[in-house]
Amino acid sequence: MDATTNQACASCECYSQLTLPQFLFDYLFSQRRQLIEAGQGGAQPNLNNRIVREWAFPLPPLAEQKRIVAKVEELLAKVNAAKARLAKVPQILKQFRQSVLAADWSGKLTEDWREDNLTTEPADKLLAKIRNKRLSLSETDAAKKKLLKTFKQCAAPTDTQDGHLPDTWQYCQINDIGSICNGSTPSRKR
């Protein structure tokens, strides 16, 4: 293409009857790291014309250059297609993670385990133990009374699949299983 450059930019125009411009470009691009390392200067090293002119260049026959360029273009198309597919992976992983969590919180991930462990303590008994422990940690009758008011029967959230949980599970409020604090650590032990 026609272009204008300043004195700090070098351009290379090859004899297109003998060397394909794309072949030269691909080769120089493959040499990028070595060319950068060959740069000279202090704060901003650069290449001078002499370095570029004297750079070793493998010159195959023109027909082979054409095959190489075609193969490079074919492989780079595959690389770009793979790159495009890989760019979708984070979203796919995010969706998979959401699916796993949805299955986890609905009890689906542990269905088989529950069938093999029928004697496991159900959540309503665990919740009663937690509530009793919290009540025993209350230091005054007023604190116990206040805590008892927070214990409520909790209905299934409206944003779940159908609100259905396994028989051994139970909905409760987060407040039932711990203290919610505003930016501080509770002083009592659970």
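Student: Which helix supplies the largest share of the lining of the largest pocket?

Tutor: Please note that the model is a predicted one. The helices α1 (21-30), α2 (32-38) and α3 (49-53) each supply at least two residues of the lining of the largest pocket. The largest share of that lining, five residues, comes from α1.

Student: How much space lies in the largest pocket, and which residues lie nearest its centre?

Tutor: The largest pocket holds about 1,100 Å³ of space. Its lining is made up of 27 residues. Nearest the centre lie Ala10, Ser11, Cys12, Phe25 and Leu28.

Student: Why do the buried residues of α1 lie on the same side of the helix?

Tutor: The buried residues of α1 are Phe23, Leu24, Asp26 and Tyr27. They are on the same side of α1 because they cover an arc of only 165 degrees around the axis.

Student: Against which helix do the buried residues of α1 pack?

Tutor: Buried here refers to a relative accessible area under 20%. The buried residues of α1, among them Phe23 and Tyr27, pack against α4 (62-106).

Student: How many disulfides does a search of the whole structure find?

Tutor: A disulfide is a covalent bond between the sulfur atoms of two cysteines. The cysteine sulfur closest to that of Cys12 is in Cys14, at 6.2 Å, which is too far for a bond. Cys14 is likewise in no disulfide. For the whole structure, the number of disulfides found is zero.

Student: Is Cys12 buried or exposed?

Tutor: The relative accessibility of Cys12 is 52%. The cut-off for the exposed class is over 50%, and therefore Cys12 counts as exposed.

Student: Where is Thr168 placed, and with which residues is Thr168 in contact, leaving aside its neighbours within four places in sequence?

Tutor: Thr168 is found in the loop between α7 (141-150) and α8 (174-177). Its relative accessibility is 32%, so Thr168 counts as partly exposed. Leaving aside neighbours within four places in sequence, the contacts of Thr168 are Arg114, Pro122 and Ala123.

Student: What distance separates the C-alpha atoms of Thr168 and Ser106?

Tutor: Along the chain, Thr168 and Ser106 are 62 residues apart. The separation of their C-alpha atoms is 12 Å.

Notes: Residues are numbered from 1 along each chain as its sequence is written. This is a predicted model: local features need pLDDT of at least 70, side-chain atom pairs count only at pLDDT 80 or more; totals for chains, interfaces and linings use all residues. Side-chain values use heavy atoms; hydrogens and water are left out. On a 1 Å grid over the protein atoms alone, a cavity is a set of points where a 1.4 Å probe fits but cannot get out, and a pocket is an open set with protein on both sides within 12 Å along at least five of seven lines; lining residues have an atom within 4 Å of a point. Grid points are joined across faces, edges and corners, and a volume is the space filled by probe spheres set on the points. Helices (H or I, at least four residues) and strands (E, at least two) are DSSP runs, numbered from the N terminus. Buried means under 20% relative accessible area, exposed over 50%, partly exposed in between (1.4 Å probe, protein chains only). The arc is that of the directions from the helix axis to the C-beta atoms. Contact means heavy atoms within 4.5 Å. A disulfide is a pair of cysteine sulfur atoms within 2.5 Å.
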